[in-house]
Amino acid sequence: PKHVAREPVNAKPLVSVAPPSAVAPSTATITKSPVTMTSRRSPLLLFLLLLLTPLTAAFYLPGIAPVDYDEGGEIPVFANKVTSPTIKVPFGYYSIPACPPPQGEKHGKHRNLGQVLAGERADATGFEISMKVDAYCKTLCTKSLDADEVKRWKRLISKDYRVRLNVDNMPVVVEGVTATGKPAFQMGYPLGAEVGSDMFIYNHLRFVVQYHRQEFSHEDLSISSSDGPSYRVVGFKVEPVSAKTCAVDREGNAASNATDAPLQKLEEGAIKFTYDVVFQESALKWATRWDPLLNPSPEQKQVQWFSIMNSIMVTIFLSGIVALVMLRTVHQDFMRYNQLEDEEELQDESGWKLVHGDVFRPPPYTALFAVLNGAGAQVFAVMLVTIFFAAGGFLSP
């Protein structure tokens, strides 16, 4: 018998679908690509973003922007550290028995990476200085010294320790004169002086702040907020004095010269620490304010040339020793290779020829080795760029 295939009841009829090429153009649906629409709108969006971008101003290099002060504006004074030219062990400013910090706050402004690596500090001090406001015989504190503190003071004075302060990143200096009559500067001021068997403490400081008046408007490279003239600090000098008394008249001027007063002997008891502030206008601009401090004297130039020649001679001597050792090692290997006659002995590699096998041998920690090489290359590149900008005069010390 013949079997007849019957169509199921729920089966759907077959529908033939024509290929896309068979569809008539009139019935085809044309759609625009979203990529095309976005590419057309991108210039408009970019233009709107440029309109919304706020106006900015750039100035100098990061971290060395000048600071403008208004008349009467506060100028903070920070303490760096206490150093000695004979002993290479520095101390913190508040490690010596000096006046306590204002309101118990020892830490001042934040330091950058270079200051941290150099071991510099920026501790807050109790000195109050306002731009173009002279002050005389201002009291810093009155401190009572006991026997232990007096011994510590005497030890620091005998070791020629000096206090280093900073104002607007300018170090305090003591101005002097060389044998040739040229001005010379010493970083920091001494804690006291030793005269015979007695020691005297410098409890009175005369600060001289040199400033330069800006000639451009505040819309330029300025950080000042008022509409009046602005000033920049270009020098910070000090004259330490030992005096028991310091008095002022009704107008605030110095009534008696501190140098005419009796010297303050370093002994147990209460000692009053005072200071004066005098402002002097200077024609020196902010960009060249480090030139007087970096201008070496003839004595310093002679010492620098001696150090340079000493370093060159030591380098040449050590390089000659290393070259001599290498030459003798290679020469002995060459002589031994020339005396070999057997091919098996020639194939035997020893001595410095084994280095070529280490060149193609990967290190045990390849990823760490690559990271260290990359970091070292970046540090070396930053060092070269920094030296380039410093040699061009773009960076302050």
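Biologist: What makes Cys137 and Cys246 a disulfide?
Modeller: In this predicted model, the S to S distance of Cys137 and Cys246 is 1.8 Å. The cut-off for a pair of cysteine sulfur atoms is within 2.5 Å, so the pair counts as a disulfide.

Biologist: Why is the link of Cys137 and Cys246 called left-handed?
Modeller: The angle about the S-S bond is -75° for the other pair, Cys99 and Cys141, and -70° for Cys137 and Cys246. Both links are left-handed.

Biologist: Why is Cys137 called buried?
Modeller: Its relative accessibility is 11%. Buried means under 20%, so Cys137 counts as buried.

Biologist: How do you know that Cys99 is joined to Cys141?
Modeller: Their S to S distance is 1.8 Å. The limit is 2.5 Å, so this pair is a disulfide too. The pair links distant parts of the chain, 42 residues apart. Cys99 lies in the loop between β2 and α2, and Cys141 in strand β5. Cys99 and Cys141 are both buried.

Biologist: How many disulfides are there, and what pattern do they follow?
Modeller: The structure holds 2. With bonded cysteines counted along the chain, the pattern is 1-3, 2-4.

Biologist: Now the surface. Why is Ile308 called partly exposed?
Modeller: Its relative accessible area is 41%. Buried means under 20% and exposed over 50%, so Ile308 falls in between and is partly exposed.

Biologist: What makes the nonpolar patch that includes Ile308?
Modeller: Trp305, Ile308, Met309, Ile312, Met313 and Ile316 make the patch, about 640 Å² of surface. Patch residues need over 30% relative accessible area, so Ile308, at 41%, passes. Ile308 sits in helix α5, residues 298-339.

Methods:
Residues numbered from 1 in each chain as written. Predicted model: local features only at pLDDT ≥ 70, side-chain atom pairs only at ≥ 80, totals over all residues. Heavy atoms only, no water. Patch = residues over 30% accessible without salt bridge, like charges linked within 9 Å, V, L, I, M, F, W, Y side chains within 5 Å. Areas by Shrake-Rupley, 256 points an atom, 1.4 Å probe, with all protein chains shown as cover. Salt bridge = Lys/Arg side-chain N within 4 Å of Asp/Glu carboxyl O. Helix = DSSP H or I, 4+ residues; strand = E, 2+ residues; numbered from the N terminus. Buried < 20%, exposed > 50% of the residue type's maximum accessible area, 1.4 Å probe, protein only.
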